[in-house]
Amino acid sequence: MSDIRLLSRRDFLRRTGQGTGGLVLALSFAGCSRPAEEPAAASEELAEFTPNVYVNLKSDGVLEIHCHRSEMGQGIRTCLPQVIADEMDAAWDRIVLVQAPGGQQYGDQNTDGSTSIRQQFDLLRNAGASAREMLLLAAAERWQVERSEVTAAEHTVYHEASGRSAGFGELVEDAARQELPAEPTFKSPDNYRYIGESMDLIDGFDMTTGQANYGIDTVLPDMLYASIERPPVFGGTIRSLDDSEARAVAGVVDVVRMPDPTSPPVFNPLGGVAVLATNTWAAQQGRKALKIDWDAGPNAVYDSESYKQAMIETSHTAGSPIFNRGDVDAALDGADRVVEADYYAPHLSQAPMEPPAATARINEDGSCDVWSCTQNPQAVQQTVAGLLGIEQTDVHAHVTLLGGGFGRKSKADFPAEAAWLARETGRSVKVTWTREDDIQQGYLHAVSAQHLQASMDGDGAVTGWLHRTVFPSIGSTFNAETTGPGGFELDLGFVDNPFDIGNMRLETGDAKAHVRIGWLRSVCNIYHAFAVSSFADELAHAAGVDPKDYLLSLIGPPRLIDPTADGASYNNYGQSLEQHPIDTARLSAVVEKAADMASWGRALPEGRGLGIAAHRSFLAYVAAVAEVSVDDAGKLKVEDMWLVIDAGRVINPDRVVAQMEGAGIFGMSLAMHGEITAKGGSIEQNNFDGYPLVRINEAPNSINVHIMDVDAPPGGVGEPGVPPIAPAITNAYFAATGNRVRELPMRKAGLV
Amino acid sequence: MAIQLTINDSVHEFDVEPDMPLLWAIRDIAGLTGTKFGCGKALCGACTVHVDGQPVRSCSYPVSAAAGRRITTIEGLSENGDHPLQQAWRELNVPQCGYCQSGQIMSAAALLERNPNPSRADIDTAMSGNLCRCGTYTRIRAAIERAAEVKS
Ligand code: FES
Ligand code: FES
C-alpha cells in the first residue's frame, strides 16, 4: 500500500501552495498511482481509525478514502467519495483519495458493466455509515451520554444538550475500539449533502495541468521501454526470427521472445517478440528492424467479406429458439402483411485514447509489482500470477488513471506482458502498445448479423415478431470450443425485448470467432438495439404511423416484463427483477420526455429529419432523439441530440450528463465511421485514418441531456447511453431521405 | 547526437537520435509526461505542444527541428495551472478520462493566441485535429468560449 500513498509531503505543499482553491488541491493530494520512492507522508504515524478497507480516518482529521474501482472517465473517483463521505457526515475538504491496488479485501473491483454504483451503492453507504456510527458511539462513551443524544455533521460530533463537540480526528482512537455495527442506519435521502450533487472532479486540477498519471506515465528507476511485435494473425507463432538488425538500433538493449499464445486466449500475452530499449522510440525503431517469419495458423482463413455472407445466411436459417411466446409461425402465415429486414454491424475497436500500457518490476522475494491502466486489478493479479507461477497475493497490482477503457482495459494481457518481460530481463519494464497494436491486436467487439420478421394486421399492429441474432461470442475468449452466442450476451438487448407482441420467437445462430472477442462499452446492446429500434421504425413507416407513437404502442401498457416467462434464461445484469424490474412505464416515460424536449412532430425543412430510439440496458432506461441534415450529395450531419436517462437515483448529476454526452459521441462514431475488418486473418485498419472517430467538427451543435427524477435504486450510467444513438441517427436519416440504413457504419455506403 | 532543447524555459541537453520525435524526448528523456501519446501519426493531437508559440504534433516532429526553439508543454502553459483555459476547463468539468485534455488545451491556447474571439466554426476548425474518445467536444467548445470571454 505504501507504494501508492504516492505524492510526497513536499509535492503536496507545493500544490497546496498554488492556491487556486484549497478544496480541489487538497483532494489532488493522493493523485493516482505514481510509484514513489520517497518516504510516506508524516501523517502515517498518526493514530488511525479503519473500520473497513475504504475508510481510514487519521487523528489529524484527514480522511483517506480508498477507491477500489478504476477511473476511466466515468467519474468514479469523484462519485465514490461522495457516497462514503455523505453517509459518514465527513467534510469534503478533509478527504484524501487513495487509489486502492488489487486485493480480495475490496470485493469485486472489475470496473465493467457500469456496476460501480449500481452494485455497490449499499456497500459504499455501509462503509460511510458504519464509520459514522462508531464515531458517534465513541463520543457518547467519552461524554457518558446516550448514543441517541449525539449527532454528527461536517466532520464533527455534537452533544447538543451540553454544547460539547469533538472533531472526527479527536475521536479516532475511541472509535477504533467500538464494535462494528451489524446494520448501520443509512441517511434519509432528504439529508444528503453530496449524493445527488454535482461535485467538481477530484482529478480536475491534475487533468488540466499535465500532472495526472496514466498507465503510460509510470516511470521506475532504470527501467526499459518495450515494444512488442505480435503475430499479425491471432494465434500465429514464430517460425524463425532474425533480430540482428534490431539489436543494432541505437538504444536497443535486448530482444526477448514472448511466450506462445494460448488457446483459449483468455488474458494471456499474444506471443511475438519484444524489443527493449532505453526509450520508447528506440524500442519502436528496433521493432521495425525485426525479421520474423510467421506461421499464421488456422485463423488465416478469416476474411470479413465471406464471413459476413456466411453470417447472413445463418441468420436466414432457422436457429436455436431461446424465447418463445405464442405461435409466431401461425402469425406470420396468416398475416395481412409481413415485413422483414437484415441488419449488420461490424467489429469495433474500443480505441481508448491512451493505448494499453503497463510497467512491472520483479522484487527480490519473487513478488511482482505492476502498474497499469487496468479496469480490473484482480484480473491482473490472477493473470500475472498464472503466467509467472507465483501466488496472486504476491502480485501487487497498482492502478493508475485510465486514459479511457471502454472494455479494452478489463483484459489483463498488457500487464502480463510487462510482468513477463520484467522477469525475463531482470529489469523494470514498461510496455506501451502503439495505436496500430491497439486497433489490430485487441479484443474486438463482435461483428453481428440479424434477421427480423414481423407480421402485421390490417390496422398496422404487429401480431408476430421473429428475431435471429448471429455473432461470435465473447465466450470464445475463455473457451476455445465456443461456437455461438452465450446467454450472458443474449441478456443484452435481445431476450429483454420490451414490446407488447403476442407472438414472439427469438433465435440464435452460430459463428466461430477468429479473433479475440471482448467487451466494448454496452457490448451486444449496440447491435441488438440497432436492429430492434431500426425495425420498430421500419414497422411504423410500413403502418403509416408516427414513429414515436408507434414505438410507444409497441412498448404497450405499463407492465413488468420477465423474459423467463417465455423460456429464456435471464440474469438482469446480476440483479433481481424485484429490485430492478423491466418496467415498460419507465421506458415509455423516457421516450415521451425525449420527444417532448426535441419538439417531436414539428415541421422540418427539406433534407432534415428526426429519429427516435429507446433502450433499457444496465438497469437504466435511455431514449435518444437525433436531428440530422442531409446535403445534396446524401451526406449526413447530426445537428442536435436530445438524450433522456432514467438511472434511478444518481450520485453526481453532472457526471451523468457527461456520460450521456460522451455516449452520444461514442454512438455517433460507431454509427458513422467505425469498422474493423480482417483479410487473410489480419486486421486491415491500423490507426485513426483507417478507423476514424468523430471529431469536434462533426459533433452536434448541442447534446441536451435530461435525467429523470425517479425514486429507484441506482442503475448503470457509463454504458446505457450508447445503444439508442445509432438507431436514432439512422432513423433520422430515413426521415430526412427515405433511405433505410441497415448496415453500419454509414461511411461504408458513402453516407457521411 | 547532442541536442539542446528549451522546454518550458529550462534548457535541456539531450543525447538522442536526431530523428527521434520530440514527443519521446519530452516524455522519456525530459520526464515530462503531461504530453501524451495517442497515435504517433499526427492523427489525434494528444501530443500537441507549442514550438515558438505554434501548435505542433510532437509525435511527428523530429527533435532536431526543435533545437534552438522555444518549446512549451502543458506543464509550462501557466505558472499555477491558472491559464484562463485551464480554469474554464475546471469550471465546466470538461475532462472525462482526461487523457486527451493536455493536447486539447494546448491546441486551444494556440487558437486564442492568434484569434482571441473565435467563432464556433473557428473553434471547430482549430480543434479538429484533437480527438477525444470520451466525447467531451461540446464542453470543449463551451470552455474555449468562456476562456475567450474572460480574456477579453
Ligand atoms: S500522438 Fe501525435 S497526433 Fe496522435
Ligand atoms: S477526456 Fe478521455 S479522451 Fe478526451
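This briefing describes the domains of chain A, one of its helices and a pocket. The structure is a predicted model. Chain A is divided into domain 1 (48-208), domain 2 (215-298 + 356-432) and domain 3 (304-349 + 443-749).

**Domains of chain A**

- The C-alpha centres of domain 1 and domain 3 of chain A are 39 Å apart.
- Contact between these two domains of chain A involves 23 residues of domain 1 and 21 residues of domain 3.

**Helix H19 of chain A**

- Helix H19 of chain A comprises 13 residues, 725-737.
- From first C-alpha to last, H19(A) reaches 18 Å, close to the 18 Å expected at 1.5 Å a residue.
- Because 11 of its 13 residues are buried, H19(A) is largely enclosed by the rest of the structure.
- Among the buried residues of H19(A) are A:Ile725, A:Pro727, A:Ile729, A:Tyr733 and A:Phe734.
- The cover over the buried residues of H19(A) includes helices H15 (525-543) and H18 (653-672) of chain A, together with strands S24 (608-617), S25 (620-630) and S26 (636-646) of chain A.

- The volume of the second largest pocket is about 500 Å³.
- Its lining consists of 22 residues, and A:Arg287, A:Lys288, A:Thr434, A:Glu436 and B:Lys41 lie nearest the centre of the pocket.
- Strand S8 (224-229), helix H8 (280-288), helix H13 (435-441) and strand S28 (682-683) of chain A each give two or more residues to this lining.
- By residue class, the lining of the second largest pocket has eight nonpolar, seven polar and seven charged residues.

Conventions. Residues numbered from 1 in each chain as written. Chains lettered and ligands numbered in written order. Predicted model: local features only at pLDDT ≥ 70, side-chain atom pairs only at ≥ 80, totals over all residues. Heavy atoms only, no water. 1 Å grid on protein atoms, 1.4 Å probe; cavity = no way out; pocket = protein on both sides within 12 Å on 5 of 7 lines; lining within 4 Å. Points joined across faces, edges and corners; volume = space filled by probe spheres on them. Helix = DSSP H or I, 4+ residues; strand = E, 2+ residues; numbered from the N terminus. Nonpolar A, V, L, I, M, F, W, Y, C, P; charged D, E, K, R; others polar. Expected span 1.5 Å × (residues − 1). Buried < 20%, exposed > 50% of the residue type's maximum accessible area, 1.4 Å probe, protein only. Contact = heavy atoms within 4.5 Å. Domains from an automatic or database assignment.
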